[in-house]
Amino acid sequence: MPDLNHIVQPILVYRRDAAAMLATSEKRVIELVRDGYLTERYPDSKPRYLVSELEEYALSRADREASTRRMNTR
């Protein structure tokens with residue numbers, strides 16, 4: 001029987017990639033960390049960000065924008 005144990009590691013990206021994923025600037029990513037929306041991993045070396053956390057923030061931002069549009073059309 002094959003070994004079915006998998007080691008799953010979180011995917012981390014650098015600040016430039018995080019900014020590209022969120023279609024924003026690196027400065028804005030720093031602001032999101034400061035405001036508590038994102039967590040910086042390995043800040044002592046080259047900071048990295050969890051892809052799953054970036055995706056979660058992007059979805060919540062899209063939901064907020066959609067609800068704002070709905071309220072403005074009423």
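Predicted model: local features only at pLDDT ≥ 70, side-chain atom pairs only at ≥ 80, totals over all residues.

## Nonpolar core

The largest nonpolar core has eleven residues, namely Val13, Ala18, Ala19, Leu22, Val29, Leu32, Leu38, Tyr49, Val51, Leu54 and Tyr57. Two or more of these residues are given by each of α1 (15-21), α2 (26-34) and α3 (51-72), and the largest share, three residues, comes from α3.

## Contacts of Ala18

Ala18, itself a member of this core, touches Val13, Val29, Tyr49 and Leu54 when residues up to four places away in sequence are not counted. Val13, Val29, Tyr49 and Leu54 are also listed among the eleven core residues.

## Positive phi at Ala23

In the loop between α1 and α2 is found Ala23, which has a positive phi of about 55 degrees although it is not a glycine. Because its relative accessible area is 72%, and exposed means over 50%, Ala23 counts as exposed.

## Positive phi at Tyr42

Tyr42, which is likewise not a glycine, has a positive phi of about 55 degrees, and it lies in the loop that runs between α2 and β2 (48-50). With a relative accessibility of 48%, Tyr42 is classed as partly exposed, since the exposed class begins only over 50% and the buried class is under 20%.

Technical notes. Residues numbered from 1 in each chain as written. Heavy atoms only, no water. Core = buried A, V, L, I, M, F, W, Y, C linked by side-chain atoms within 4.5 Å. Buried < 20%, exposed > 50% of the residue type's maximum accessible area, 1.4 Å probe, protein only. Helix = DSSP H or I, 4+ residues; strand = E, 2+ residues; numbered from the N terminus. Contact = heavy atoms within 4.5 Å.
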